[in-house]
Amino acid sequence: MKQDLFNEQQETFISKNAKTFVTVPNLPEILNPLLAIANNMWWCWNSDAVELFRRLDRDLWEESYHNPKGILGMVSQERLEKVASDDSFISHMERVKSDLDKYMTMNTWFQDSCSECLNMNFAYFSTEFAIHESIPVYSGGLGVLSGDHLKSASDLGLPLVGVGLLYRYGYFKQFLSIDGWQQEEYSENIFARMPLQPVTNQSGESLIINIDTPKYTIYARAWKLQVGRVPLYLLDTDFEKNSEDVRTITGQLYGGDREMRIRQEIVLGVGGLKLLKALGISPEVIHINEGHSAFLLLEKMREYIEDNGLSFEEAFQLVKSGTVFTTHTPVPAGNEMFANDLILKYFDPILKKLGFTKEEFLRLGSFPVQEIKNDSPSNFSMTILALRMTNKANGVSRLHATVSRDMWSQIWTDLPRKEVPITHITNGIHTNTWISYEFSGLFDRYLGSAWKDEPADHTIWDRVSRIPDSELWRSHERRRERLVSFARERLRHQLERRGLSPKAVSYADEVLDPEALTIGFARRFASYKRGNLIFRDFERIKRILTDKEHPVQIIIAGKAHPQDNNGKDIIKTIVSLSKDNELKHKVVFLEDYDMNVAHYLVQGADIWLNNPLRPEEASGTSGMKAAVNGVINLSVLDGWWCEGYNGKNGWAIGSIDKYYDREYQDEVESKSMYETFEKEIIPLYFRRGLDGIPRDWIKKMKTSMQTLGPVFNTNRMVEEYVKKFYIPSAFEHLKLSRDNFSAAKKKAQRLLNLSKNWNGIKIISSRDNVKGDIQIASDMTVQAKVYLGGILPEDVSIQVFSGYINSKQVISEPEIDEMRLVSKEGDNYVYEGKMSLSKVGQCGYTIRVLPQYCGEVQYIPEMVKWQ
């Protein structure tokens, strides 16, 4: 890194009247396919395409931060002319372009498996998308998941579009002071250097979306980023039609105060929906990825009411039928919330249009028992809004769904927590994006090319056993060598930036050992992720790391939120410990963690360490990325690892015990970690054959890849969303929309009648045929007499709720049996049901009533009647 010895600043001049224009590369005609490849992000998960651009100029490739469009604007005209006459380069380019064309036109999983849905459209909203490091409009895990979702949607051929925001400064770049304190800086994203296409109207002018607020109009323009077959539309407010204040709305990701955040989310949700309408895209299903975009639900209701003359209840049913929601945060404080007065400031004008009173409107974002006060801080929850107004909802792992049902059970106050309508679809990774070039080649040779197209096929991953141990190990060692080389170079830049002397900087060339057991730890530095847990017993970890016969080292990376001083303290502590004379070559902290750094770490480490406080990790995906690269996981049994770990494919830290003392939990789990390193991991790694190959370790690597690769990928994940969420919701939405919304009107009327008369339901009595004890597997008949008042029998489900019962009349391990209507006695209906008894011990039952429509139970807040 060059230093400015005279510390002179380059002079700049700001002119409000300067004319702007965009220059484009002057490519020889034969090289035009390069632009077509560069403008489709498909290249970033195709290693042959990456190598094509790297061939232009390897130094410029690094300088452009792996940006094909950027390097085309940086490479000299002389170099372009040279490669234009290079038959090898032209042949390479034509091969890549042919592969892209084939990819864009080939038959897909969706066409083959969902032929009845080919005319459907789906939309996916997220506040951040991590497609590639050269487009830095992402922060971390949520963005990476969103980006991988789009990539797999493309691979599978889903008719899906993405919608997000284009941030002028993105998320911050991290650098550390000399004492290890995190500093933040923001670099401007130059959109003209990115593979973005401005979205235009029929006149060829920028398509402008108007978003009205009580005091002014926000204007947003749109850009399109092509991600394989999937278009990603990004909204941007930073242009001259807006005031300076409004231009900053899309300035920083997760920046600004609460007012800035609500304006960002209005642009994303309301503006994003308006954009789709302007483009003529009418999705049957909209997927809300985390609550940031949930305002689109209100805008969609407004459209139905104003454009189609529907009532509030009718519009509500239509919006609900065509939207699904994924929650990612298992900690209440991590869910987006706004003060009621701030919500009313921006949405008060549309309350009458939607048919709400202020209290009804605020109730959409609060628990039923919560007192509504305009000045109550952080009272309106975007997650609650989304849960109330969407058709289906999920957590991102099995454990996270359990935690979410517990967190949000107050919305359905009378429903057992296991029945709270939040299911799980466990996260995954886009395998082609995260696998190393070396392992990709191995898989091509021994698994066949089908692993790229069908990563969820277990039989393909079984072929990992065919890879020769020596070949697998050589490939892994090359990745570790590259990681060490990358870490040294990055550390050198870090030290130079801090102004250290050349002698102090030179030590970076000697840190780490390319042959040592390498631990990788990289994630957001939030307190619950316990980034410094491994250093809890400093002397013990020092002994582990400094053993000369069994060398071990650790590479750490990650950012703390700019306002999270606890997270910054953890980073500072780690950096301070890494300066210990015995550890300074063994412990390295890499600044400015991003997708590029992540690639090196998950592809080159030997052990992937993850030690969050259980159950506060919703899913976690970095360990999945490591696993497909033969890196073995050592993790707390939280998030995805609860489902992935089988006792043979990695190691677990601690147990699933619940702790009430954080200090004690840290003590127990840090000791578990140390013991696992000392007694299992290190002996296994250094147990070598005569050829120097650790065959038992390689066996564990293969088991990890075989068991985790086919499950924890986004192709499997997206297929689940399609089958469980998208298609059922789409058919429901289409059914309600037909014949001028006649079915929606009917459903709204029936549910409105239920709501008005629900409190009048009475379970008069129940009786059964049991006298004394009853043998297991016997049938038991139960009758119930129910008064429904003004409610029709077909609009309710009468159920027997049975199971073990304790002295406090609490029923556990419940089973539910539907009762059928057998007669009417005066104003009461008589229902009968049969139970097959499957439990031994003290059991009991009760009767309950739930709303239903067309034979399907409706889980509606505050609408469960118990005996």
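**Entry 1: helices α11 and α16.** I looked up helix α11 (residues 295-308) and helix α16 (residues 382-389), which pack at an angle of about 45° with their axes 9 Å apart. Helices here are DSSP runs of H or I, at least four residues, and strands are runs of E, at least two, numbered from the N terminus. Axes are lines fitted to C-alpha atoms, for helices over the stretch in contact, and angles run from 0 to 180 degrees between N-to-C directions. α11 and α16 are therefore oblique to each other. Angles under 35 degrees count as roughly parallel, over 145 as roughly antiparallel, 65 to 115 as roughly perpendicular and the rest as oblique.

I then listed the contact (heavy atoms within 4.5 Å). Phe295, Leu297, Leu298 and Met301 of α11 meet Met382, Leu385, Ala386 and Met389 of α16. I sorted these residues into eight nonpolar, no polar and no charged. Ala, Val, Leu, Ile, Met, Phe, Trp, Tyr, Cys and Pro count as nonpolar, Asp, Glu, Lys and Arg as charged, and the others, Gly among them, as polar.

**Note on the model.** This is a predicted model: local features need pLDDT of at least 70, side-chain atom pairs count only at pLDDT 80 or more, and totals for chains, interfaces and linings use all residues. Residues are numbered from 1 along each chain as its sequence is written, and side-chain values use heavy atoms, with hydrogens and water left out.

**Entry 2: helices α2 and α6.** Next I took helix α2 (residues 47-56) and helix α6 (residues 87-105), which pack at about 150° with axes 10 Å apart. α2 and α6 are therefore roughly antiparallel to each other. The residues of this contact divide into six nonpolar, two polar and four charged. Among those in α2 I found Asp48 and Arg55, and among those in α6, His92 and Arg95.

**Entry 3: a hairpin.** I moved to β6 and β7, which form a hairpin with four residues between them. Strand β6 (residues 208-212) pairs with strand β7 (residues 217-227) in the antiparallel sense over five bridges. Strands pair if DSSP finds at least two bridges between them. Asn210 stands opposite Tyr219 in β7.

**Entry 4: a sheet.** Last, I traced an open sheet of six strands, paired in parallel, in the order β17-β16-β15-β18-β19-β20. Its edge strands, β17 (587-590) and β20 (650-653), each pair on one side only.
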